[in-house]
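Good morning, and thank you for the time. I would like to take you through one structure, beginning with a pair of helices and ending with a loop.

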Amino acid sequence: MTVIGLDDTDSRTLGMCTTYLATLVAEAVEARGGTVERRLLVRLNPAVEHKTRGNAALAIHTDLPAGAAFDLAREELDRWAVLDDDRTSPGIVVAPGSDTVSTAVAEFARDAVRGFHDLDAAVDLAERSGFLTEGWHGGRGRIGALAAVGAWAAFDEWTHEHISYREFHRCGTPREVDFDSVFDAADAAYPDAWDTVDREEGEAVCVPNAPGPILHGIRGDDADTVREVAAAIDSEPVDRSATFLTNQGTDAHLRSGVVSDLRDGRAYRVAGTVASEPETRPGGHVFFDLEADGSAVSVAAFEPTKRFRNRVRALRVGDALTACGEVGDGTLKLEKFAVRDLVRTEPATPTCPDCGRTMKSAGRNQGYRCRDCGTDAPGKVDRAVDRDLEPGWYEVPPCARRHIAKPLVRGGFDAATHPER
Ligand code: ZN
């Protein structure tokens, strides 16, 4: 089996996107008499998202011979990749057989999701592996293309996305989608299809805002469900569509970390204790410090995470958490957190057992006394506090979810979950 890896590092200005290109390449494979066995949509390290929207790379698994597949992919990229856009830097990597995807290439794919690669390392590994490569405008896309080639061997957990594309002449105009049909279809398929809509925000998450050829993308646990949801949506004509296997919704980007050793551009699961009262800053962003073993990291829930910020504001100093998110500029951008232990009491001035009034201080280190009754108490007492949180996992809402982040409703977490839908 031949594997065609593609990454065109999407054009922002002209609205091409790598999934569309992969769909065209797959059609060309079929037109040449080949069979497309599967299509992979691989989300790479989201910290690199400023370079390409969603940082996706694509792989097509086919029975076409490698040389023919390579020629055909090159022709499609020449035709379609938006080569006059300086910000695209497309690349192709073709592996002549899945058995040529070595442990090193699989490791490269894992590192591309959790860390960084430079182009030289990608080209070197591809050449040593006997792969065919081509790059345009510097060909940085060869990094993602090689990662896409290694992805099938690198990852065990796969979800599905069924992407429907617009007629190309409509791109750039408002999408005509009947939102009631989106919400009805989303409800009928939930939770097997997830992040189709955000019910609290009233947002059709599956319909992108950015320019480009995607009409909607339906994500879920199985291929039939996502296709059924797509079919139930009323909209402008669907020009073409494709179902991808993807690492979306899997948390494949997260690694275990400790507060004292976090690095920018990586995403972590990290345990600690809330060390400062959550503070809402200008713009509506909420910050607190998370401490462990004498080190602390700033944790942020940004304004676009909407109602999730109320969960964060409900934290108190002393709560024990596991926090998940990407670290950038020394701040962990919170995607989800687990409450491990809640502070249930706070120190309070004692009340008099006889008259019920609040006691007064009897002087420095002298405890408290009721002057009317003569009763006294040695110090502050523990008073129960009402908490709006429970132990377990909380998450950003669907409207703020990163492609690769795992929705709680998918299950498999190590504590109770409080899913957003
Ligand atoms: Zn009293």
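In which hand, left-handed or right-handed, does helix 4 cross helix 5? Helix 4 passes helix 5 in a left-handed crossing, that is, the near helix is turned anticlockwise from the far one by less than a right angle.

A word on provenance. This is a predicted model, in which local features need pLDDT of at least 70 and side-chain atom pairs count only at pLDDT 80 or more, while totals for chains, interfaces and linings use all residues. Residues are numbered from 1 along each chain as its sequence is written, and side-chain values use heavy atoms, leaving out hydrogens and water.

As to the whole, the chain has 8 helices and 22 strands; these are DSSP runs, H or I of at least four residues for helices and E of at least two for strands, numbered from the N terminus. The C-alpha trace spans about 95 × 50 × 35 Å along its principal axes. Of the 421 residues, 54% are buried, meaning under 20% relative accessible area with a 1.4 Å probe and protein chains only; exposed means over 50%, and partly exposed lies in between.

Now to the helix pair. The axes of helix 4 (residues 119–128) and helix 5 (residues 141–154) come within 8 Å and cross at roughly 50°. Helix 4 is therefore oblique to helix 5, since angles under 35 degrees count as roughly parallel, over 145 as roughly antiparallel, 65 to 115 as roughly perpendicular and the rest as oblique.

Which residues meet there? From helix 4 come Leu119, Ala122, Val123, Leu125 and Ala126, and from helix 5 Arg142, Ile143 and Leu146; contact means heavy atoms within 4.5 Å.

Those five residues of helix 4 are also buried. They lie on the same side of helix 4 because they cover an arc of only 165° around the axis, taken from the directions from the helix axis to the C-beta atoms. The buried residues of helix 4 pack against strand 4 (91–95), helix 3 (103–114), strand 5 (132–135) and helix 5. On the face turned away, Asp120, Glu127 and Arg128 are exposed. Just after helix 4, Gly130 takes a positive phi of about 80°.

Finally, the loop between strand 10 (266–274) and strand 11 (279–281) holds Glu277. Beyond its neighbours within four places in sequence, Glu277 contacts Phe287, Leu315, Arg316 and Val317.

Methods. Axes are lines fitted to C-alpha atoms, for helices over the stretch in contact, and angles run from 0 to 180 degrees between N-to-C directions.
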